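Thanks for coming, everyone. Please bring the structure up on your screens, and I'll walk you through it.

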Amino acid sequence: MSSDSSSGVPLLYIYHPFEDRVPSAMPKIRSTGTPLGELKRTGDYQHVRISDTTYRVAELDDPYRQYCQCYVRLAKDRCILIDTGCGLGDLRGYIDEHINTEKLPYMVICTHAHFDHVAGNHTFEDVGVCFAGADPEWTMKVIGFKMRTLDNETLDVIKPFRVSRWLQDGELIALDGSEPAKPEASLHVRWTPGHSPDSVSLYDPQEHRLYVGDFLYPYASWDDPLSPPGGLWASFQGSDLPTYVDSLKKVQAFLAELKSKHGTEVTLACGHNSYKEDSSLVDSALQLILDVQAGKLPYTPHEVFELKMWEYISAVDPRAGLLLPADGHAPY
Ligand SMILES: [Zn+2]
């Protein structure tokens, strides 16, 4: 294995395989800061500027093999952070130094309560964290569980944090907090349960981007050390396949309406593996689950942390994969 000469970190863990999707010819919009599309790697994090106002931040050398994709949206008068990863470094300090250099006040939103999306929350104690209010009791239970132990192997502890707000389905989060929320200048909150009861997606109409957390992301090989294994996990306590189908249909209809009314093509900013996934993944994931429910697809057995799971992969779209519990749900 080769090494990065400057840090001694194995190269294998520096470049995410999905980074090759970063276009190299995108224009530089501002003279300062990170040029569009350029991968910056500093300390425990790396970031990519994916638009004039939006950044993807990811942890490096993640021992939990999650490589959660966090997003920073610089709005007019606030810095909106979506997910905080596994808490492997000083995320807030990193964003302060490299992205939120104008020191805008923070708003932090977690797409759901799984550990790999919330463990950096503790550094935002002063502002608190927003979750979907679909099932606050479940969310608080999971947060409490993870605060005691991250997993049975390491007994790592997630530091406490404060939930400041429960987001409602259909709510608008103004991108300019000094104005009343307008649909064209707000993040649109969409509850999308299925992976977890509290999964939420956020639509940015100015950038035609839908942040989907773990509700949707493309399949990655089990041999890929830089991605969580396999496809969509519907294998946790709180996962529910019929609910997943309902959410996918809801998002499918939402995207179809945007396209028919405005010709808008939406990009998916996923919680893992891709920050600019073609929204046709919604259709493929929905069809995959419907085929699984109809018993049309074979499965491959897998085992993770002594949990037996069945994996299904779409016959027509290799991006769509699904993991179901073979003998009981994984604990969160
Ligand atoms: Zn998750």
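Start with Glu171. It sits in the loop that links strand E8, 163–167, to strand E9. One caution before going on: this is a predicted model. So is Glu171 buried or exposed? The cut-off for buried is 20 other C-beta atoms within 10 Å. Glu171 has 20 C-beta neighbours inside 10 Å, so it counts as buried. Now look across to Arg190. In sequence, Glu171 and Arg190 are 19 residues apart. In space, their C-alpha atoms are 7.8 Å apart.

Step back to the whole chain for a moment. There are 5 helices and 18 strands. The chain has 332 residues, and 44% of them count as buried. Now the contacts. Take those between residues at least 6 apart in sequence: 59% join residues at least 24 apart.

Next, the sheet that E9 belongs to. It is open and made of 6 strands. The order is E9-E10-E11-E12-E14-E15, and the pairing is mixed. Which strands stand at the edges? They are E9, residues 172–174, and E15, residues 277–278. Each has a single partner strand, so one side of each has no neighbour in the sheet.

Inside that order, look at E12 and E14. E12 covers residues 209–213, and E14 covers residues 267–270. The two run parallel, joined by 4 bridges. For a specific pair, take Arg209: its bridge partner in E14 is Thr267.

On to helix H4, residues 241–262. That is 22 residues. From first C-alpha to last, H4 reaches 31 Å. Which residues of H4 are buried? Tyr244, Ser247, Leu248, Val251 and Leu255. Around the axis they cover an arc of only 100°, so they lie on the same side of H4. Here is the background. An α-helix has 3.6 residues a turn, so residues three or four places apart point the same way.

What covers that buried set? The cover includes strand E10, 186–191, strand E11, 200–204, and helix H5, 280–293. Turn to the other side of H4. There, Pro242, Ala253, Glu257, Ser260 and Lys261 are exposed. Then the helix ends. Just after H4 comes Gly263, with a positive phi of about 70°.

Two examples. Tyr67 has phi near 50°, and it is not a glycine. Where is Tyr67? In the loop between strand E3, 54–59, and strand E4, 69–74. Tyr67 has 26 other C-beta atoms within 10 Å, so it is buried.

The second example is Asp83. Its phi is positive, about 75°, and again this is not a glycine. Asp83 is placed in the loop between strand E5, 79–82, and helix H1, 91–98. With 27 other C-beta atoms within 10 Å, Asp83 is buried.

Now Arg78, in the loop between E4 and E5. Why does Arg78 count as buried? Because 20 other C-beta atoms lie within 10 Å of its own. What does Arg78 touch, leaving out residues up to four places away in sequence? Leu104, Pro105, Tyr106, Met107 and Gly177. Then there is Leu175. Arg78 and Leu175 are 97 residues apart in sequence, yet 7.6 Å apart in space, C-alpha to C-alpha.

Last stop: strands E16, E17 and E18. E16 is residues 300–304, and E17 is residues 307–313. These two pair in the antiparallel sense, over 5 bridges. E17 also pairs with E18, residues 321–325. That pairing is antiparallel too, over 5 bridges. Follow Met309 in E17. His302 stands opposite Met309. In E18, the bridge partner of Met309 is Pro325.

Definitions and conventions. Residues numbered from 1 in each chain as written. Predicted model: local features only at pLDDT ≥ 70, side-chain atom pairs only at ≥ 80, totals over all residues. Buried ≥ 20, exposed ≤ 12 C-beta atoms within 10 Å, placed from the backbone. Contact = placed C-beta atoms within 7 Å. Pairing = 2+ DSSP bridges. Expected span 1.5 Å × (residues − 1). Arc of directions from axis to C-beta.
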